[in-house]
Amino acid sequence: MDQRGRRRATEFLAVDGGNLYYEVEGAGEALVLIHGFLGNLRMWDFQAQALASSHRVIRCDMRGFGRSTTKHVEFAYWADVAALLDHLGVDRAHVVGQSFGGSIALDLALARPGRVATLTSVAGGIAGYRPDLGPEDSVPWTDMDRLWDEKKWAELAELETQVWVDGWGQPTTRVGQALRDRVKGDVFSTYAAENEEGLPQPLEPRAADRLGELTVPVLVMIGALDEARSRATAAHLVASVSDSRCVEFAGVAHMIQLEAPDRVSHELREFIQDHPL
């Protein structure tokens, strides 16, 4: 049961070479929430509780994150989400993804267009798209790669937090300490666990070359304080899809659903209600 007394189903689904932990709560049109690279399904807790009164909210930990596991096998993240929908008997759903999860949601919409009713990208990526930003892109990507290679998880978690939670170049006191500690802790525990990552396979052709195929309504959310690559990606997605619109969050960085939970829930509810299954 959740905090409001609604029934929450928590289960594991065996997929080829892996095991997905998932949660389902509420009733109504299916709504899938896909987490980003810095955490697990818990990063959608607020929205799940807010929307379960009107929707069947479906979440899972992607392979290698949270309670989900994988062997050293080839797999596709989008195919795991499709397998979960099959398992739950869901033909079509509203699909939402944050950051890395946005890339997964986009791949699913391209690979299985009949399964996705609407697509919401919350600071999401586009597989195969790398904007040429020059000096505007000041994020220390090379340092992050080095810390990863050296397995300096505490240092990497702090740097990731500065980029994605604080907003690169922003003071470390910009967001509340509890939020900062929560995300940093999730990042550190995920990296320090050194779980088997498997061999994730990209959708081919890549999403960057297929945006014109999207026929579903697309909502893009982006934080004004997010790093330049994310902002450029959001702008590119909106410019490439005819039935799309962008909502910018002033004073917010990359972790939009955690920084502005009420507004994200409101925007999702309004968008979905405008485009019923």
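The model is a predicted one, in which local features need pLDDT of at least 70 and side-chain atom pairs count only at pLDDT 80 or more, while totals for chains, interfaces and linings use all residues. Residues are numbered from 1 along each chain as its sequence is written, and side-chain values use heavy atoms, with hydrogens and water left out.

**Salt bridges**

Let us begin with the charged side chains. The structure holds 19 salt bridges, where a salt bridge is a side-chain nitrogen of Lys or Arg within 4 Å of a carboxyl oxygen of Asp or Glu. Three of these pairs are set out here.

| Pair | Closest N to O distance |
|---|---|
| Arginine 59 and glutamate 23 | 3.3 Å |

Strands (E, at least two residues) and helices (H or I, at least four) are DSSP runs, numbered from the N terminus. Both arginine 59 and glutamate 23 are buried. Here buried means under 20% relative accessible area, exposed means over 50%, and partly exposed is in between (1.4 Å probe, protein chains only).

**A look around arginine 59**

A salt-bridge network links Arg59 with Glu23, Glu25, Arg42 and Asp45. The side chains of arginine 59 and glutamate 25 are also joined by a polar contact of 3.1 Å. A polar contact is a pair of N or O atoms within 3.5 Å; within protein, one must be able to donate a hydrogen and the other to accept it, and residues adjacent in sequence count only if both atoms are side-chain atoms. Leaving aside neighbours within four places in sequence, arginine 59 is in contact (heavy atoms within 4.5 Å) with residues including Arg8, Tyr21, Leu33 and Trp44.

**The nonpolar core**

The largest nonpolar core has 89 residues, and those with the most contacts inside it are Ile58, Met62, Leu119 and Leu214. Helix H3 (residues 100-111) gives the most to this core, with eight residues. Such a core is a set of buried Ala, Val, Leu, Ile, Met, Phe, Trp, Tyr and Cys residues joined through side-chain atoms within 4.5 Å. Not counting residues up to four places away in sequence, leucine 214 touches Leu106, Ala109, Leu110, Leu119, Leu237 and Val241.

**Two exposed residues**

Glutamate 204 lies in the loop between strand E9 (199-200) and strand E10 (218-223), and is exposed with a relative accessible area of 53%. Glutamate 204 and alanine 111 are 93 residues apart in sequence and 9.2 Å apart in space, C-alpha to C-alpha. Alanine 178, in helix H6, counts as exposed at 64% relative accessibility. Alanine 178 and alanine 83 are 95 residues apart in sequence and 35 Å apart in space, C-alpha to C-alpha.
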